[in-house]
Amino acid sequence: MWRDAGLVAGKDLRIELRSRVVSTQVAPFAVLVLVLFAIALGPDPKPLLQAAPGLFWVSVLFASLVASQRSFAVESSEGARDGLRLWGLDPAGVFLGKVTALCTELLAIGLLLGAGIVLLYGARIHSYGELVVAAVAGIVGLASAGTLYGAMVSGLRVRETLLPLLLLPVVAPVALGGTRAWQGALASTQASSPGPWLQLLIIFAAVYLALGVVIFGPLQEAS
Amino acid sequence: MSRRATWALRVVGIAAVVSVAATVWLGLWITPPDKVQGNFVRLVYVHPALAWVSLYLAFGIAALGSVLWLWPRTRSPLWDRVAASAVEVGTVFTGLTIVTGSIWGRTTWGVWWAWDARLTSTALLFVLLLGYLALRRVPADYEARARRCAVAALIAAIDVPIVHFSVQWWNTLHQNATVLNSNLSPTIHGSMAWTLLLGFVSFTLVFVWMFAMRLRIEKLSDRAADFELEDAIHERWAEGTLEELGEEQGEEQKVEVRS
Amino acid sequence: MFRTPMPPAVYFRAAVALSGRFPALAGVDLVVSKGEVVVLEGANGAGKTSLLRACAGLIPVSSGEAVVLGCDLRSDRTAVRRRVGLLGHSGALYDELTAAENVRFATCSLRSGGARSRRSRSREVSDRVSEALERVGLGGRPARTPAGRLSAGQRRRAALAVLIARDPELWLLDEPHAGLDAEARKLMGETVREAASAGATVLLASHEPEETVHLADRFVTLSGGRVTRERTCGELMGNLGEPPSGDADERARESREATGERGEATGERGEIVGERREVIGGIHVA
């Protein structure tokens with residue numbers, strides 16, 4: 001299983017390095033979302049600062065939506081989807097590999113967005129540790145749920161409209177937990193204890209990672 | 001469906017109608033209005049019952065059905081039908097929960113919507129159910145569709161407690177405690193308690209009846225699909241025979257030309 | 001001399017496979033012995049691709065019996081995948097990876113037995129990959145080109161290289177000659193012959209009897225999702241009006257012996273389907 005995971009993760013990341021879709025399309029999209037929020041909430045920096053953690057997490061959510069789609073769009077090119085099944089790869093390994101690749105991409109985007117809210121919204125960080133833990137846990141959870149749902153809709157013609165409807169409600173707790181946790185870590189917003197929220201993020205990530213490992217195999221057969 | 005099952009279903013249906021009627025009568029006329037909320041307290045006989053049915057009963061049955069379908073040893077089309085029927089009826093009940101909750105909120109808090117724990121998590125779960133229904137409508141063969149929907153239902157079911165607790169924390173840990181956080185439940189005693197219980201029972205019966213009917217419809221439509229399949233197979237054989245005719249003629253011509 | 005009967009490589013009986021609500025396979029009866037080369041023919045939409053995909057365990061068989069390489073496809077269709085190789089219409093290649101990387105990815109997932117060190121295993125895979133690419137004529141620069149930039153013929157060769165590198169027990173080729181130039185067709189034919197002589201079973205779907213007549217032991221016609229006719233290559237060549245070559249005759253005789261009795265109502269449509277072919281694997285009578 002781990003070997004197959006490494007294989008698939010390596011393959012996905014290599015494809016990304018060559019095609020540069022995430023870095024040239026998804027990352028700018030995420031930054032664009034930040035800009036749009038700024039336009040919507042007005043030029044006065046106070047509401048932006050207040051809302052900064054939430055806006056960060058919503059942007060990450062949208063980015064994960066697009067990145068999950070992309071992760072499986074790669075497989076649909078010219079019958080590649082059959083390949084993963086045909087070549088006898090362990091489905092749990094395929095799941096973990098895809099989650100790893102997706103995580104890496106989303107962490108990079110998260111870094112970019114974090115810099116974005118510091119620069120664009122004027123946020124100031126006073127506790128890096130909590131920030132990083134929350135971001136990592138949240139993104140692992142997002143990647144797991146995104147890979148699961150991405151696989152579910154990958155063969156369908158209506159996948160672009162179905163994936164948001166399916167994925168976003170499920171990952172709403174990540175947005176919730178992440179926002180509250182970041183509120184604690186950013187100096188400029190009301191501080192509420194981030195402890196329980198970090199727990200929530202970690203539990204979410206663990207649950208969906210475990211679920212994916214178990215259920216990805218049967219799910220792949222549905223195409 | 002067997003005669004006994006049909007008879008049982010009829011009994012449930014009648015019981016449901018009777019108990020709902022009794023609930024309405026008791027709820028609207030016999031029980032007294034609340035000191036604080038006035039007549040709007042009568043929604044307590046309806047809203048919590050709807051919530052219990054949609055959240056626990058419907059989701060629980062859907063999750064159970066999905067797990068039993070996914071488990072190879074217990075896999076059978078019945079469980080797929082069970083999950084789908086539970087989700088569909090559950091969606092109706094969840095929608096009603098939200099509507100009654102919203103009405104109640106309007107009368108008590110003055111707003112049609114508020115981001116209190118219950119409403120928010122119910123709204124999210126409603127969307128999860130809608131997602132399942134959307135997935136079910138995607139055209140696919142039986143096994144693929146059942147598999148996808150079972151996994152979606154399982155993910156949603158696992159998300160239910162997560163959503164519930166996270167939203168609850170969100171609300172209680174929120175800095176500004178406003179009147180929105182006040183408990184909707186008034187003090188219940190006497191005839192109100194009995195009516196409340198009756199409300200739960202009657203809506204549960206309504207759910208069971210609708211669920212069973214939906215299950216039956218699903219079973220019949222699967223059977224119809226089987227007949228369609230047989231027709232499709234025969235059509236396929238027929239088109240095959242025509243092809244062969246063409247081929248043989250073509251070959252005979254070829255042989256003629258060569259000889 | 002009488003050898004114990006070997007189980008057939010492919011055994012389908014009244015197999016029905018659905019694609020959506022459409023019965024792609026509507027009751028297929030087919031038995032293929034190990035080491036046989038069988039050509040599937042039939043019009044478009046007859047079910048050839050679906051049959052190949054069903055053999056690979058990619059589409060579920062909803063009723064009837066389907067056993068491939070000893071694995072029952074109705075209970076678990078994932079078990080057989082490692083042991084078969086499918087060459088589809090569109091090669092299963094990733095556009096951004098080079099041909100060599102594609103073949104490598106497809107081969108790496110094979111679990112080589114024995115506790116060998118990671119390095120030696122990786123070296124073995126590299127050797128296999130470069131051999132396979134050389135064999136199909138993609139050594140050198142084409143191997144380092146991203147698959148998206150290869151021509152259609154080169155992509156097909158790369159997909160063939162995947163098959164060669166994986167060396168499966170059952171080869172499933174879906175119209176392998178389509179879109180290939182003369183040289184590539186020759187290559188394809190040679191590869192099939194090599195695979196067959198190495199003991200693999202080959203199932204070929206083709207519209208081009210001229211290419212396949214020299215390769216096959218048997219020709220199976222599919223129509224309307226069912227098998228409607230089976231012929232040896234001798235009979236087929238008789239139909240085509242070509243003088244049967246000695247080689248093909250020999251092969252035809254062997255396959256006739258190997259597959260036992262087959263009640264064939266030549267020229268009669270519809271009756272063939274009803275007959276149960278009493279083929280119980282290769283009963284080799286030497």
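**Figure 1. Helix 1 of chain A passes helix 5 of chain A in a right-handed crossing.** This close-up, like the others here, comes from a predicted model. The axes of helix 1 and helix 5 (residues 91–120) of chain A come within 7 Å and cross at roughly 40°. The two helices of chain A, helix 1 and helix 5, are therefore oblique to each other. On the helix 1 side of chain A, the contact includes A:Trp2, A:Arg3, A:Asp4, A:Leu7, A:Val8, A:Asp12, A:Leu13 and A:Glu16. Facing them from helix 5 of chain A are residues including A:Val94, A:Leu96, A:Lys98, A:Thr100, A:Ala101, A:Thr104 and A:Glu105. Sorted by class, the residues of this contact between helix 1 and helix 5 of chain A are nine nonpolar, five polar and six charged.

**Figure 2. Chain A meets chain C, with helix 1 of chain A taking part.** Here 19 residues of chain A are in contact with 19 residues of chain C. Helix 1 (2–19) and helix 4 (80–86) of chain A each bring at least two residues to the side of chain A that touches chain C. Helix 1 of chain A gives the largest share of that side, seven residues. The side of chain A that touches chain C holds seven nonpolar, five polar and seven charged residues.

**Figure 3. Chain A also meets chain B.** In this view, 27 residues of chain A are in contact with 23 residues of chain B. Helix 6 (128–153), helix 7 (159–185) and helix 8 (195–220) of chain A each contribute at least two residues to the side of chain A that touches chain B. Take a look at helix 7 of chain A, which provides the largest share of that side, ten residues. By class, the side of chain A that touches chain B has 21 nonpolar, four polar and two charged residues.

**Figure 4. Chain B is built with six helices and zero strands.** Of the 259 residues in chain B, 37% are buried. Among contacts in chain B with a separation of 6 or more, 80% join residues 24 or more positions apart.

**Figure 5. The largest nonpolar core has 217 residues.** The members that touch the most other members are B:Ala83, B:Ala153, C:Cys55, C:Val103, C:Ala161, C:Leu172 and C:Leu203. Let us zoom in on one of these, C:Cys55. Setting aside its neighbours within four places in sequence, C:Cys55 is in contact with C:Val10, C:Val68, C:Val84, C:Leu170, C:Leu172 and C:Leu203.

Methods
Residues numbered from 1 in each chain as written. Chains lettered and ligands numbered in written order. Predicted model: local features only at pLDDT ≥ 70, side-chain atom pairs only at ≥ 80, totals over all residues. Contact = placed C-beta atoms within 7 Å. Helix = DSSP H or I, 4+ residues; strand = E, 2+ residues; numbered from the N terminus. Nonpolar A, V, L, I, M, F, W, Y, C, P; charged D, E, K, R; others polar. Axes fitted to C-alpha atoms, helices over the stretch in contact; angles between N-to-C directions. Parallel < 35°, antiparallel > 145°, perpendicular 65-115°, else oblique. Left-handed = near helix turned anticlockwise from the far one by under 90°. Buried ≥ 20, exposed ≤ 12 C-beta atoms within 10 Å, placed from the backbone. Core = buried A, V, L, I, M, F, W, Y, C linked by C-beta atoms within 7 Å.
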